[in-house]
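Dear colleague,

I would be glad if you could read the notes with the model open beside them.

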Amino acid sequence: MAWSYALVIDPAAADDARTDFAGSFTPIDPTAPALSVGELSTQRGDGIFESIGVVDGHAQETQAHLERLAHSARLCDLPAPHLEQWRQAVAAVARTAEPGESVLKLILSRGVEHGPSPTAWVTLAPAPDNTRARVDGIRVVTLDRGFDSEAPARAPWLLLGAKTLSYAVNMAAIREARRREADDALFVSSDGFVLEGPTSSVILRFGDRFVTPEPGAGILHGTTQVSLFEHLAERGFETTYERVAASALSNADAAWLVSSVRLAAPVRAIDARPLAVDADFTASLNRYLLSPRT
Ligand code: PLP
């Protein structure tokens with residue numbers, strides 16, 4: 001990925017009396033080294049992030065992403081991000097985007113070891129071409145996440161509902177899916193409930209009812225899933241959050257893995273069992289997701 005723009009935010013400049021934060025961002029050369037070797041984000045993966053889809057210079061669902069950044073910060077005992085400062089940083093970076101799709105990342109790290117404050121930065125890069133996944137669909141394998149569904153409540157230090165920088169496990173799951181001749185993974189809890197993909201939420205269709213696992217089950221509450229549920233409800237469909245047993249996957253009429261940049265990828269096989277892809281319906285979902293959303 002070739003980064004096209006980056007800026008560093010000064011979290012120490014975030015005082016509530018201020019309304020214009022432009023002076024608290026420093027544009028940096030996105031191709032040059034920028035972080036200290038003492039960074040805890042690189043040493044320990046100790047930080048949080050968000051990936052926002054940008055379409056023709058418009059950052060999608062900025063508010064929902066900022067709220068989730070603040071939620072992740074709370075779970076990780078990081079200083080609360082000043083949302084107005086971040087909102088202005090997102091707008092400044094999105095303005096530099098080329099026409100078409102880009103990915104904008106927000107990163108808030110615990111900072112440099114023994115340093116005074118967190119490190120915060122925003123990057124922009126062209127999005128990969130996701131047409132194949134959106135149109136042809138993806139093959140998915142279920143993988144045990146290794147936690148039972150009570151683990152998030154019993155062991156909150158696992159940070160299961162936070163979008164932390166520690167994605168090595170998620171990336172390993174995708175590599176394992178590829179070894180099993182699939183394109184992506186779908187995590188299930190060790191007691192047999194459907195959770196999420198390593199970088200996506202799952203939506204299942206049963207007739208005219210659309211179901212996603214409850215976010216309290218230690219999964220990320222996806223901004224794309226929330227936005228699609230609003231859209232589906234407006235189209236007259238029923239949408240619900242439920243505990244979904246892995247055994248119910250075989251009763252689904254359709255399924256999608258949804259996320260901010262790839263958008264809605266229809267699932268064409270789960271554990272090698274084919275699933276119908278409704279190309280027109282999926283295209284309508286992706287048209288909606290590509291339209292300007294706030
Ligand atoms: N779940 C996980 C683990 C993710 O990493 C992501 C996105 O990266 C999602 C769900 C989907 O979230 P969103 O729709 O906000 O991109």
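Strand β1 (residues 5-9) is joined to β2 by four bridges, and the two strands run antiparallel; strands, like helices, are DSSP runs numbered from the N terminus (E, at least two residues, for strands; H or I, at least four, for helices), and two strands pair if DSSP finds at least two bridges between them. Within this pair, Ile9 stands opposite Phe25 in β2.

Please bear in mind that this is a predicted model, in which local features need pLDDT of at least 70 and side-chain atom pairs count only at pLDDT 80 or more, while totals for chains, interfaces and linings use all residues. Residues are numbered from 1 along each chain as its sequence is written, and side-chain values use heavy atoms, with hydrogens and water left out.

Both strands belong to an open sheet of six strands, ordered β2-β1-β6-β5-β3-β4 with antiparallel pairing. Its edge strands, each pairing on one side only, are β2 (25-28) and β4 (58-59). Helix α2 lies across β3 (47-55), β4 and β5 (101-109), and runs at about 175° to β3; axes here are lines fitted to C-alpha atoms, for helices over the stretch in contact, with angles from 0 to 180 degrees between N-to-C directions.

The axes of α2 (residues 62-75) and α3 (residues 83-94) come within 10 Å and cross at roughly 135°. The two helices are therefore oblique to each other (under 35 degrees counts as roughly parallel, over 145 as roughly antiparallel, 65 to 115 as roughly perpendicular, and the rest as oblique). In contact terms (heavy atoms within 4.5 Å), Thr62, Leu66, Leu69 and Ala70 in α2 meet Leu83, Trp86, Arg87 and Val90 in α3. The residues of this contact divide into six nonpolar, one polar and one charged, where Ala, Val, Leu, Ile, Met, Phe, Trp, Tyr, Cys and Pro count as nonpolar, Asp, Glu, Lys and Arg as charged, and the others, Gly among them, as polar.

Thr224, Ser227, Leu228, His231 and Leu232 of α7 make the contact with Phe281, Ser284, Leu285, Tyr288 and Leu289 of α8. By class, this contact has six nonpolar, four polar and no charged residues.
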